[in-house]
Number of protein chains: 2
Amino acid sequence: MAEEKKRTEINELGEFGLIDHLTQHFKIQNPSSLKGVGDDAAVIDNGSHLTVVSTDLLVEGIHFDLMYFPLKHLGYKSIVVNLSDIYAMNAQPKQVTVSIAISNRFSVEALDEIYEGMRLACEHYGVDLVGGDTTSSLKGLIISVTAIGQGEKDKLTYRNGTKPGDLLCVTGDLGASYLGLQILEREKKLYLENPGIQPELEDQQYIIGRFLKPEARKDMVEIFEKANLVPTAMIDVSDGISSDLMHICKQSGVGAIIEETGIPIHNDTKMLALKFQLNPVTCALNGGEDYELLFTIDPKDLDKLRVLPDIYIMGEITEASEGLKLHTSGGKRHDLTAQGWKHF
Amino acid sequence: MAEEKKRTEINELGEFGLIDHLTQHFKIQNPSSLKGVGDDAAVIDNGSHLTVVSTDLLVEGIHFDLMYFPLKHLGYKSIVVNLSDIYAMNAQPKQVTVSIAISNRFSVEALDEIYEGMRLACEHYGVDLVGGDTTSSLKGLIISVTAIGQGEKDKLTYRNGTKPGDLLCVTGDLGASYLGLQILEREKKLYLENPGIQPELEDQQYIIGRFLKPEARKDMVEIFEKANLVPTAMIDVSDGISSDLMHICKQSGVGAIIEETGIPIHNDTKMLALKFQLNPVTCALNGGEDYELLFTIDPKDLDKLRVLPDIYIMGEITEASEGLKLHTSGGKRHDLTAQGWKHF
């Protein structure tokens with residue numbers, strides 16, 4: 001390796017600071033490159049419509065633990081998380097490429113399980129596996145998925161399009177995936193301490209399913225289309241809404257306020273959070289991996305929104321100077337801090 | 001991990017057998033997915049022209065050794081090898097996405113070196129970095145690059161379009177990259193045995209450069225365009241022409257014969273091969289990582305070809321029943337066996 005004069009640790013910059021830092025000197029050269037680094041997906045103008053591209057890298061031991069993550073679910077989820085980024089652009093995924101690196105600890109049958117999960121996801125979402133790369137790793141399993149979708153110029157939804165007064169909405173419910181992970185981590189710990197033990201999972205199907213087999217909100221993009229509703233900004237909930245909302249606010253140059261009473265939380269999530277002595281609202285705000293859609297709409301579209309299923313108005317976009325706030329059910333205003341997943 | 005009834009080792013199938021095996025149950029669902037797994041790149045019909053997508057996963061310890069691979073060169077090469085796949089479709093790369101996983105052994109400055117190399121490649125080839133993912137790894141550096149290009153329907157060149165009687169051609173020269181790797185491996189070994197030693201690299205700039213800083217043949221795609229020449233089949237030389245030609249023959253349902261005297265080998269390559277007691281022709285056939293273009297043309301295009309620079313007619317396409325043969329300068333016919341890089 002080259003001699004280094006200065007050593008800056010990666011965690012000094014943080015994940016998003018690091019991406020900004022690394023990509024700051026790259027200049028766009030092709031007029032077809034409409035949107036580069038900094039949204040859920042890149043956008044390429046191909047003349048007739050827009051091509052939307054999103055990519056993720058999943059590393060064993062960082063993003064998943066094979067002690068409790070069934071290989072088929074892993075394959076399924078690795079596709080879904082990428083499709084979710086395409087839906088978050090209000091676009092339709094059409095193709096995926098999959099690259100995988102594996103150590104010789106994996107058999108062909110183990111790989112078959114992963115690809116079977118991928119196949120099920122491709123079928124369910126109507127996307128085609130069109131390419132990839134298969135190679136070996138010295139250690140562990142690495143999966144890289146790129147999703148390619150199609151969108152229309154006047155319907156694509158970026159992170160930077162909202163303004164003060166817009167309504168802040170979210171689909172589905174939040175926090176369950178994070179608790180699913182907590183259950184599995186607890187059972188893993190118990191199992192490692194006492195390998196004879198039987199896992200206690202049976203009564204938490206919903207919660208665990210949200211973590212092990214999340215779905216992307218393809219249905220919502222179709223619902224928006226039918227309702228002729230175009231969100232002003234949108235992102236999928238991967239790091240937790242605190243963090244994901246921060247991206248929208250930063251890129252749109254706005255602030256936001258979330259009403260605590262407006263945060264959709266499943267009953268099972270509430271019950272289980274209390275059992276784990278966690279605050280359900282904190283799980284919902286910072287848990288992440290929900291793969292719901294967090295979006296904003298112009299208030300004049302409120303009538304269109306009202307009749308749509310599974311969407312919750314959670315707050316409002318404000319001036320940037322007001323920052324990101326949580327309006328608690330007790331009537332107080334707290335600063336929201338983005339925690340998200342810390343990988344570094 | 002799930003209980004496994006049967007365990008098949010991955011090397012029983014080989015890399016290409018494995019890809020076929022894993023992807024056999026995936027069905028194409030979108031009419032826009034023109035070409036899936038099995039060529040240099042996937043092809044997507046977007047209405048006005050074709051989008052071409054290629055992806056590679058590079059793993060430290062498998063694809064590169066940081067003891068002798070400077071980080072800037074690694075960044076450069078990781079982009080170039082992907083662009084090469086797009087050029088091999090007779091298309092123009094326009095965008096790339098880069099995902100990278102790193103352990104905390106890497107500093108921001110080390111990453112800066114990698115991205116500086118990537119930036120130089122993007123600038124040189126006129127492509128835009130439009131997205132990606134940055135995450136941590138438990139161990140080592142992992143780079144996943146996806147290149148996206150544009151092609152025209154009647155000019156895109158697949159692996160399956162050649163027929164008996166076509167001429168087999170290659171650009172540039174072969175085998176140097178493999179010898180570059182041999183030098184670096186030798187110097188690494190010497191250094192590990194005696195860390196005080198100075199590496200002897202100065203007189204082998206061409207050879208080492210072919211390995212550490214390969215270029216993709218953007219120029220050739222432009223030359224084909226100007227000459228109004230469309231190859232009948234094309235692939236880039238990544239695994240070695242024996243292996244790469246096998247892909248063309250398998251997918252086109254043909255055989256081929258290579259004239260030993262027609263294989264372009266640089267003088268430095270010949271000299272160094274002899275010094276290493278290697279057969280230069282074997283290096284050229286099986287070395288790989290040359291990133292030249294191996295292609296076939298209809299003999300009626302011979303007059304167009306004759307005036308083009310840096311292209312060598314190396315043999316001919318034959319009936320499938322004749323297999324893959326090498327016609328040696330001694331007048332004998334040998335079976336060609338694809339060796340390529342063995343990662344598993």
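**Figure 1. A:Tyr291 counts as buried, with 24 C-beta neighbours inside 10 Å.** A residue is called buried when 20 or more other C-beta atoms lie within 10 Å of its own, exposed when there are 12 or fewer, and partly exposed in between, with the C-beta atoms placed from the backbone. The model is predicted, and local features are described at pLDDT of at least 70 and side-chain atom pairs at pLDDT 80 or more, whereas totals for chains, interfaces and linings use all residues. Residues are numbered from 1 along each chain as its sequence is written, while chains are lettered from A and ligands numbered from 1 in the order in which they are written. A:Tyr291 lies in the loop that joins helix 9 (280-286) to strand 10 (293-297) of chain A; helices (H or I, at least four residues) and strands (E, at least two) are DSSP runs, numbered from the N terminus. Most residues other than glycine have a negative phi.

**Figure 2. B:Glu289 sits in the loop between helix 9 (280-286) and strand 10 (293-297) of chain B.** B:Glu289 is not a glycine either, yet its phi is positive, at about 60°. With 20 other C-beta atoms within 10 Å, B:Glu289 is buried.

**Figure 3. Chain A and chain B meet in a contact that takes 79 residues from chain A and 79 residues from chain B.** Here two residues are in contact if their C-beta atoms, placed from the backbone, lie within 7 Å. Among the elements of chain A that give two or more residues to the side touching chain B are helix 1 (14-23), helix 3 (108-125) and strand 5 (128-136). Strand 5 of chain A gives the most to this side, with nine residues. The side of chain A that touches chain B divides into 33 nonpolar, 33 polar and 13 charged residues, where Ala, Val, Leu, Ile, Met, Phe, Trp, Tyr, Cys and Pro count as nonpolar, Asp, Glu, Lys and Arg as charged, and the others, Gly among them, as polar.

**Figure 4. Chain A is assigned domain 1 (32-151) and domain 2 (167-335).** These bounds come from an automatic or database domain assignment. Taken over C-alpha atoms, the centres of domain 1 and domain 2 of chain A are separated by 22 Å. The contact takes 18 residues from domain 1 and 22 residues from domain 2 of chain A. On the side of domain 1 that touches domain 2, the largest share, nine residues, comes from helix 2 (residues 71-87) of chain A.

**Figure 5. Ten of the twelve residues of helix 7 (residues 241-252) of chain B are buried, so this helix is largely enclosed by the rest of the structure.** The buried residues include B:Ile241, B:Leu245 and B:Ser252. They pack against several elements of chain B, among them strand 7 (167-171), strand 9 (254-259) and strand 12 (324-327). At 1.5 Å a residue, helix 7 of chain B should span 16 Å, which agrees with the 16 Å between its end C-alpha atoms; the expected span is 1.5 Å times one less than the number of residues. Just after helix 7 of chain B, B:Gly253 takes a positive phi of about 65°.

**Figure 6. Strand 3 (residues 50-59) of chain B has ten of its ten residues buried, so it is largely enclosed by the rest of the structure.** In a regular strand the side chains alternate between the two faces of the sheet. B:Leu50, B:Val52, B:Ser54, B:Asp56 and B:Leu58 point one way from strand 3 of chain B, and B:Thr51, B:Val53, B:Thr55, B:Leu57 and B:Val59 point the other way. Strand 3 pairs with strand 2 (residues 42-45) of chain B in the antiparallel sense over four bridges, a pairing being counted if DSSP finds at least two bridges between two strands. The bridge partner of B:Ala42 in strand 3 of chain B is B:Val53. Ten bridges also join strand 3 to strand 6 (residues 142-151) of chain B, and these strands run antiparallel.
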